[in-house]
Amino acid sequence: MQNKLTVMLVEDDASLRDWWAGSLEEMGYVVLLAGSVAEGWALSRQTVSQIELAVLDLGLPPTPNEATAGLELMRLLILDRPALKVLVLTGQDEPAVALQAISLGAFDFLNKPASSQRLREALARAALFLRAEKQLNANGQTRMTLTAPIAEGVKEFGEAAQEGLVRAVLADSQFNVAQAARKLGLTREHLYYFIKKFGIRRVTP
Amino acid sequence: MNELYSVAVALVTAGLSVGTTLLWLRYLSRLHRQRMDQLLALRDQMHEDPLGTLLRDQHTLAQVGLRSLDWQGRWYGAPVAGSLGPAVRPAQVPGLGPGVLSQFFQYDDMSLTLRVGLKGLRGERLLFAMQAAEVLFAMLQGALAARQLALAAAVNQRARVSVFLQHDMRNLAQWVQLVAEDFGAADTDELLMLRARRLRKNAALAADRAKRMAQALLNPAWQPSARVQLTALDLSAQILQAGHLHQVAIDIEGTATLQWDGVALTSVLDNLLGNVSCLSRERLLSARCRVVIREAEQTIQVHFETPQLPLEVPLEKLFEPWSNSRALHKGLGMYQARQQTEQAGGQLYAEHLGSGIRVVLCVPCQKS
C-alpha cells in the first residue's frame with residue numbers, strides 16, 4: 001500500500017469491532033473506531049485529517065435490530081465528507097435496506113457474516129476508486145454519484161448536481177472559500193450564495 | 001253469616017298461600033344466590049384451565065341446572081371436543097324454542113362453540129339454568145380473552161429475546177468466521193503469534209457477549225433493554241449532538257455531567273428531538289428546542305421546551321403506544337423512551353407550554 005488510508009469502523013459489537021480493527025490494521029489501514037451513531041459522528045467531526053473509507057454496521061444503538069440509526073449516520077457522514085466511500089456491513093437482509101443504503105450513496109453492501117477476503121476486495125475496490133477520483137480532481141475534474149427523483153425533472157436534478165459539486169469542492173478545500181471558489185471558477189460572493197442556498201454549514205472540529 | 005265465614009276462610013287460605021309462596025321464593029332466591037356464588041367461584045380456575053374446569057366441576061354446574069353441555073372447535077390449532085351429562089339435543093322447551101343455548105368464542109388460533117341443553121327443565125329451574133348459562137358464557141369469554149392477552153405478551157417477550165439473539169448470533173457468526181479465516185491464513189509462526197495475541201486481547205469481549213447470549217437463552221424472563229449500564233455522560237454535549245443529528249437548533253441553558261444509563265438517554269433524545277424535527281418540517285416551522293438543565297436535591301431535571309410547536313396528539317396520549325400511528329413498529333418511540341427512562345430509575349413526563357409542550361426528564365442521580 002502506497003500511503004496508508006484511514007478507515008472509520010462503526011460496529012456496536014465490541015468483540016467483533018476489536019477483531020475487525022486488528023484485521024484492517026494487518027491489511028495496512030489506519031483504523032478509527034466507533035460503536036454508535038453519536039461516537040461515529042463525533043469521530044468524524046473531531047478528525048481533521050482525511051477519512052477516506054468507512055465500514056459501517058447499520059444496526060446500531062438504540063435500535064440495533066433496525067437499519068435506521070446506521071442509515072442516518074451514513075447520510076450525515078456523506079454530507080460531511082462527500083468523497084467518503086462507505087461500505088455497509090449489515091445483518092439486515094431486507095432488499096429495501098440495501099436500496100436505501102445505495103440511494104444514500106453507499107459504495108458497497110456486504111451481508112453479515114462476510115468473509116475477510118470479501119471485505120478486503122471491497123476495500124481494495126473502494127481505494128482504487130478513491131485514487132482514481134483524486135487523480136481526476138488533480139486534473140480539475142470530479143466524479144459524482146447522484147440520487148434524485150426523475151419525475152421532478154431536469155431542474156431539480158441540476159440543483160442536486162450543483163449542491164453535490166459545491167459540497168465536494170468545499171470539503172476538498174477544507175472549507176477554504178477562496179480556494180474552493182477558484183477551483184469552481186466562481187467569485188467568492190457567488191460561492192457564498194450557493195453555500196446559503198444549499199444550507200451548507202462548516203463543521204468545526 | 002255463612003257467607004262472611006266463607007270469605008274469612010278464603011282470605012286466610014289466600015294469605016297462607018301467599019305466605020308459603022313468599023317463603024318458597026325466599027328459599028329459592030337464597031339457593032339461587034348460593035349456587036351462583038359457587039359458579040362464580042370457578043372464575044380463577046377457569047382462567048388457568050378453561051375446559052379442564054368444566055370437566056372437573058361438573059357437580060357445581062349441575063347444581064345450577066347446567067347438566068347437559070358440549071363443546072367443539074379448535075384449541076390453539078388442534079381440534080377439541082367434549083361433553084358433560086346427557087347429550088345436548090334440541091327439543092322443544094316452552095318459551096325457549098329448541099331448548100339449547102349456545103355461544104361461539106373466536107380468537108387468533110382458537111375457536112369454540114359451547115352449547116348448553118335445557119331439555120327437561122321447567123319453570124324457575126329453567127330460568128335459573130338460563131341465567132347460569134349466560135354467566136358461564138361470560139366467565140369463559142373473560143378467561144379466554146385473558147389467556148389470549150397473556151399469550152400475546154409472552155410471544156412479544158420471546159420475540160424481543162429472539163430478535164436480540166438474531167442480532168448477536170449474526171455478529172457471533174461473523175466473529176467466528178473472521179477468527180477462523182485469519183488463523184487459517186496465518187502461514188508463518190510470526191503471523192500465528194500475532195493473531196494469537198490479538199485473540200487473547202479480544203477474549204474478554206467475546207466472553208462478555210457469550211455470557212449475555214447465554215443469559216438470554218437460559219432465562220425466559222430476561223429482557224435485553226432491562227440492563228442498565230451507568231456511564232459518565234456530558235448532558236449538554238449529548239443534547240447538542242442529538243440536536244445536530246436531527247437538525248434541531250438547540251438553545252441550551254445549564255450543564256451537568258452525570259452517571260446514568262447512556263442507552264436510555266440516547267433513546268429519549270433520539271425520539272424527542274426526532275419528533276421535533278419531523279413535526280417542524282411537516283408544519284414548515286424552523287426546528288428549535290429550548291433546553292434547560294436544572295439541579296434539584298437528588299435529581300437533575302432537563303426541560304425540553306417547544307412552545308411554538310403544536311402537538312399532533314392530546315398531551316395525555318403522548319406516551320401511549322400507537323397514539324399517532326397504527327403502523328407496525330411506528331408510534332412506539334415516546335412510549336419506549338419513557339419505559340427505558342423508568343427502567344433506569346428516571347421519570348419522563350410532559351406538560352402544556354404555550355401552544356406546544358414541555359417534556360421533563362428527571363434523572364435521579366448525583367452529579368458525577
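Me: In this predicted model, what percentage of the contacts in chain B between residues at least 6 apart in sequence join residues at least 24 apart?
Reply: Two residues are in contact if their C-beta atoms, placed from the backbone, lie within 7 Å. Among such contacts in chain B, counting those between residues at least 6 apart in sequence, the share that joins residues at least 24 apart is 62%.

Me: How many helices and strands does chain B have, and what percentage of its residues is buried?
Reply: The secondary structure of chain B comes to 9 helices and 11 strands. A residue is buried if 20 or more other C-beta atoms lie within 10 Å of its own, and of the 368 residues in chain B the buried share is 24%.

Me: Which strands of chain B are the edge strands in the open sheet of 4 strands?
Reply: The sheet is open, with antiparallel pairing, and its strands follow the order E2-E1-E4-E3. An edge strand here pairs on one side only, and this holds for strand E2 (78–84) and strand E3 (100–107).

Me: Which residue of E2(B) is the bridge partner of Gly73(B)?
Reply: Strand E1 of chain B covers residues 68–75, and E1 and E2(B) pair in the antiparallel sense over 7 bridges. For Gly73(B), the bridge partner in E2(B) is Val80(B).

Me: In which order do the elements of chain A run from the N terminus on?
Reply: Chain A, which has 205 residues, 38% of them buried, holds 8 helices and 5 strands. Read from the N terminus on, these elements run β-α-β-α-β-α-β-α-β-α-α-α-α.

Terms used:
Residues are numbered from 1 along each chain as its sequence is written. Chains are lettered from A and ligands numbered from 1 in the order in which they are written. This is a predicted model: local features need pLDDT of at least 70, side-chain atom pairs count only at pLDDT 80 or more; totals for chains, interfaces and linings use all residues. Two strands pair if DSSP finds at least two bridges between them. Helices (H or I, at least four residues) and strands (E, at least two) are DSSP runs, numbered from the N terminus. A residue is buried if 20 or more other C-beta atoms lie within 10 Å of its own, exposed if 12 or fewer, and partly exposed in between; C-beta atoms are placed from the backbone.
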